[in-house]
Amino acid sequence: MGKLQLFEIYLSNSRVIYSPGEPLSGTVNLRLGAALPYRAIKVTCMGSCGVSSKANDTSWTVEEAYYNSTLSLADKGTLSPGEHAFPFQFLLPTTAPTSFEGPFGKIVHQLRAVIDTPRFSKDHKCSRIFYILSPLNLNSLPDIEQPNEATTTKKFTYKLVKSGSVTLTASTDLRGYVVGQVVQLRADIENQSGKDTGPVVASLLQKVSYKAKRWIYDLRTIAEVEGSGVKAWKQAQWREQILVPALPQSVLPGCSLIHIDYFIQVSLKAPEATVSLPLFIGNIAVNCPPLSPGLALSGPPPAVVPTAPPEDLDMAACGPCPVVNVSIPTKSHSQQQQRSTQPFSYTPGLSFPENQPEPGPEDGSPGPNRPPLCLSTGATVPYFAEGPVVPMSTASDLILPPEYSTWGYPYEAPPSYEQSCSSASSGLSNGN
């Protein structure tokens, strides 16, 4: 088997997740079958970011280093046959950015150990990846508790000579969310024309920007929900819910090459009208209640019962026409359509055994059959280490999202607004 039978880096308590500013300790372990002369044994702790203009290409176009520290564990000598352990400890910098992996770049933190052998002999090397998670406290962002609302008006011509307009207003209850939280979405559509609109679609979008020689943008749809169109001369309201799945946080402080943004985009297909609401996804939830009075689940607005104009009547001839208040039913919801009985994995390449009990202290190894979260959404830290160990939590219990191996989602998707109202109405009627 050669002189060197084992050469690995072991982290204390089998930890793989750390916070900026924490100490990182462990040992470099060796097992030798014969004596091994060396000039030096060193271990290096380093963090860096690399970005490429090609997907899944590790030949980085642009790189930036965050820290690089080397310790000498042993000077020139000869190691005897048997097992050896060399302890080490580093202090992680407070400015170290959160780990991230995407198709065009990654932020990597790792340890590298090397046995520098005498001349004409091959040096021995090994490495160990660890993860840093810097918490994003949503309460530290300016105006995070303010209402989130946007509106647009689309004027158009139909039947060649007639003109009309559609006003689309979208709002959410907050501007920032954590993983597992529900986005309460409201859209108001006023159709001041004699033509029905197309369906209304709301999407949770992720935009990752990579700074290579030029900016590269990776735009992905995380979740999508579709509602029906609005009839002519109708004013409609649509309420829906979107669950925030396991996603990287919005801000990667300390990294200038990768930016992550999230949006709720609400659009009409005909006439084409779109509004976008920027969102932040963090680790510590907003502790202020929503301030938007329009998003309170009050009773429906009073209905107006006007006489609709004849279909071929010109707007200019009859003047402005009143509109009828209605509600929009939901046609489809991507999160309700996910029938998988398998929870998300928080990082690409990690999966969980199917039809097996959840991993315990004695069984924390990933399994082969569970599908990982799509690589397009990126990843920060895994929730299972390699081998039969369970990662230890960092010093702060607030910076980790929920443990998805035991979470019910996507077994049960969030109910639609109509379903919530129906349940409430049935409960009231039964009480009477």
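Two residues are in contact here when heavy atoms of theirs lie within 4.5 Å. This is a predicted model, in which local features need pLDDT of at least 70 and side-chain atom pairs count only at pLDDT 80 or more, while totals for chains, interfaces and linings use all residues. Residues are numbered from 1 along each chain as its sequence is written, and side-chain values use heavy atoms, with hydrogens and water left out. The protein chain has 2 helices and 22 strands, these being DSSP runs numbered from the N terminus (helices H or I with at least four residues, strands E with at least two).

**F130 and the nonpolar core**

- Leaving aside its neighbours within four places in sequence, F130 is in contact with L11, V16, Y18, L24, C45, Y67, L92, S99, H109, Q110 and L111.
- F130 is also among the residues that touch the most other members of the largest nonpolar core, which holds 85 residues, and the others named for this are V28, F88, L111, I258, I264 and V266.
- A nonpolar core is a set of buried Ala, Val, Leu, Ile, Met, Phe, Trp, Tyr and Cys residues joined through side-chain atoms within 4.5 Å, where buried means under 20% relative accessible area, exposed over 50%, and partly exposed in between, with a 1.4 Å probe and protein chains only.
- Strand β19 gives the most to this core, with 6 residues.

**Aromatic pairs**

- The structure holds 4 aromatic pairs, counted for rings of Phe, Tyr and Trp (its six-membered ring) whose centres lie within 6.5 Å, with planes under 30 degrees apart called stacked, over 60 edge-to-face and the rest tilted.
- The rings of Y18 and F130 have centres 5.9 Å apart and planes at 85 degrees, so this pair is edge-to-face.
- That pair links distant parts of the chain, since Y18 belongs to strand β2 (residues 17–18) and F130 to strand β11 (residues 124–132), 112 residues apart; both Y18 and F130 are buried.
- F156 and Y158 form a tilted pair, because their ring centres are 6.1 Å apart and their planes stand at 45 degrees; both F156 and Y158 are buried.

**An open sheet of 6 strands**

- The strand order in this sheet is β14-β20-β19-β16-β17-β22, with mixed pairing, and two strands pair if DSSP finds at least two bridges between them.
- At the edges are β14 (176–178) and β22 (330–333), each of which pairs on one side only.
- Strand β14 runs parallel to β20 (residues 273–282) and is joined to that strand by 3 bridges, with V178 standing opposite G282 in β20.

**Backbone details in loops**

- The peptide bond from A270 to P271 is cis, with omega near -5 degrees, and P271 is placed in the loop between β19 (258–268) and β20.
- S14, in the loop between β1 (4–11) and β2, has phi near 60 degrees, a positive value in a residue other than glycine; at 17% relative accessibility, S14 counts as buried.
- N56, in the loop between β5 (40–51) and β6 (62–74), likewise has a positive phi, near 55 degrees, in a residue other than glycine; at 59% relative accessibility, N56 counts as exposed.

**The chain overall**

- Buried residues make up 45% of the 432 residues in the protein chain.
- Of the contacts in the protein chain with a separation of 6 or more, 73% are accounted for by residues 24 or more positions apart.
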